Amino acid sequence: MGNVVEVLDGLMSTGKSTEVLKWIDSNPNNRYIFVSPLLTEVEEGGRVCSSVSNVTFECPSVSEYETKSEHLLQLLKDGSNIACTHSLYLAVNDDHLKYIKELEYILIIDEEIDVISSVDGYSKDDYQWLYDNDKITVSSSDGMVSWVCAIPVGRDNKYHKFKMLCDYQALYVTKRNSNMMVTQLPIKLMTCAKRVIVLTYMFKGNILDCFLKLKGIEVVSFDDVTISKVNGDEIRSLITLLPLNKTVSDLALSSTWYSEANKAQLDTVGRYISAVGRKYCENFDDLMYTLPKSRHLSKNSSKNVIKPPKFYRKRDGGEWKYNWLPAQLRATNDYRNKKVVVHCFNRFPMVDVASYLADYECNIDTPKFSTSEMVQWIWRSQIRSKKPIVVGIANKRMHKLFSQWLKSL
């Protein structure tokens, strides 16, 4: 318990989760919290609960409680072993943390959690008004924002959420720009347990690594289990990486590009996805692709979205079924039937997140961030089952990063 986080770093499908669950089952006298990005992994009957026989995991629900958070608190008081989602764990408060610490829980986090994020809902003018009217101050040591106005801020006030973030000591500002702010997890979420174990891939230099360095947390290897060694030749034999397509390879395909792209440019991306699908897919369900969610579906009927011909959606019973998957998707086996994957998103860390960390001398390894997320996404496909896949990467930079990664295995 303290300033140490243990990391099990390994490629997907090398058995990280499987071996850790076996380790848990072999040590049933400890108390555990297993945290996964996906509810399907931790709910009753899910992979976590069904993979152990000597340990019983409870999944917080609302069947007998008003909120999952209330049920989680009761389970902690009872000393139960708990399986829950990232989002639920990130919402814990001091009451939950008290029992995690007192009962010496071991915390296992499957895949990196979002420890630092952009601030939504406020403009530069909003920030400036707060400064000009002496509502907030900023710490010179770490940029933490404090609310210093004594006047109450009700729920209907536009700054209610802002003040709550300040009260939680979760709001920070960059050195380079007083209007560039980020939210951070309270570090006690990563230090309250007897042991904290993170299962991930390409950890060093990525966002969580930088965040832990910023907070003075020591990172050590988790060596209580052994995972499979990577066979680079086998992986390369399963992947057909398509050559760059001249029509789309020079398009930036970044978040900014997608926000500014016109209909003709977006249609070009859609046709590329469709062309790959038509050539290599036997049916609609063989394909998966990614691009920003805002260009996949939009509540704004006038906004252009990308609809790859023949592969955008199909009716499945009473619902529409899509081939689009978010670029950040991790940890699920639900798409292991996909044979053809098309990546159309030039990914970078959020500017304000990267800026804040850099200002405090914790620079994100941007190529590693982009590569690790892309590889994680590709590994949602049937390559998880050691079956061959066809990979189309539209952007020149992302194609180069993936090629370099393949050669390095």
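The legends below describe close-up views of a predicted model.

**Figure 1. Overall view of the chain.** The secondary structure comes to 15 helices and 18 strands. Along the principal axes, the C-alpha atoms fill a box of roughly 60 × 60 × 45 Å. Of the 409 residues, 52% are buried. Among contacts between residues at least 6 apart in sequence, 75% join residues at least 24 apart.

**Figure 2. The four-stranded open sheet with parallel pairing.** The strand order is β13-β18-β17-β14. Strands β13 (239–241) and β14 stand at the edges; each has a single partner strand, so one side of each is left without a neighbour in the sheet. Neighbouring strands are turned by 20° against each other on average, direction ignored. Helix α12 (residues 263–280) packs on this sheet and touches β14, β17 and β18. The direction of α12 makes about 165° with that of β17. Helix α14 (residues 366–378) also packs on the sheet, with β14, β17 and β18 as the strands touched. For α14, the angle to the direction of β17 is about 155°.

Figure 3. Strand β17 covers residues 340–343. V340 and V342 point one way from the strand, while V341 and H343 point the other way. All of these residues are buried. Strand β14 (residues 287–290) runs parallel to β17 and is joined to β17 by four bridges. Within this pairing, Y289 has V342 as its bridge partner. Strand β18 (residues 389–393) is likewise joined to β17 by four bridges, and these two strands run parallel. Here V341 stands opposite V391 of β18. Pairing between strands of a sheet goes through backbone hydrogen bonds, either parallel or antiparallel.

**Figure 4. The three-stranded open sheet with antiparallel pairing.** The order of the strands is β6-β10-β9. The edges are taken by β6 (116–118) and β9 (171–173), each of which pairs on one side only. From one strand to the next, the twist averages 35°. Three bridges join β9 to β10 (residues 181–184), and the two strands run antiparallel. In this pairing V173 stands opposite M181 of β10.

**Figure 5. The aromatic pair of W129 and Y159.** The structure holds 16 aromatic pairs. The rings of W129 and Y159 form a stacked pair, with 5.4 Å from centre to centre and 5° between the planes. The pair links distant parts of the chain, its residues being 30 apart. W129 lies in helix α7 (residues 124–132), whereas Y159 lies in the loop between β8 (145–147) and α8 (160–167). The two residues are described separately for accessibility. W129 counts as partly exposed because its relative accessibility is 39%, between the cut-offs of 20% and 50%. Y159, with a relative accessible area of 7%, is buried.

**Figure 6. The edge-to-face pair of Y159 and F162, and the surrounding ring cluster.** The ring centres of Y159 and F162 are 6.5 Å apart and their planes stand at 90°, so the pair is edge-to-face. F162 is buried, its relative accessible area being 0%. Ring pairs link Y159 and F162 with Y122, Y127, W129 and W147 into a cluster. A pair of aromatic rings is described by the distance of the centres and the angle of the planes.

**Figure 7. Two arginine side chains over aromatic rings.** The charged end of R313 sits over the ring of W320, at 4.0 Å from the ring centre.

Methods
Residues are numbered from 1 along each chain as its sequence is written. This is a predicted model: local features need pLDDT of at least 70, side-chain atom pairs count only at pLDDT 80 or more; totals for chains, interfaces and linings use all residues. Side-chain values use heavy atoms; hydrogens and water are left out. Rings of Phe, Tyr and Trp (its six-membered ring) pair if their centres lie within 6.5 Å; planes under 30 degrees apart count as stacked, over 60 as edge-to-face and the rest as tilted. Buried means under 20% relative accessible area, exposed over 50%, partly exposed in between (1.4 Å probe, protein chains only). A charge sits over a ring if NZ of Lys or CZ of Arg is within 6 Å of the ring centre and within 35 degrees of the ring normal. Two strands pair if DSSP finds at least two bridges between them. Axes are lines fitted to C-alpha atoms, for helices over the stretch in contact, and angles run from 0 to 180 degrees between N-to-C directions. Contact means heavy atoms within 4.5 Å.
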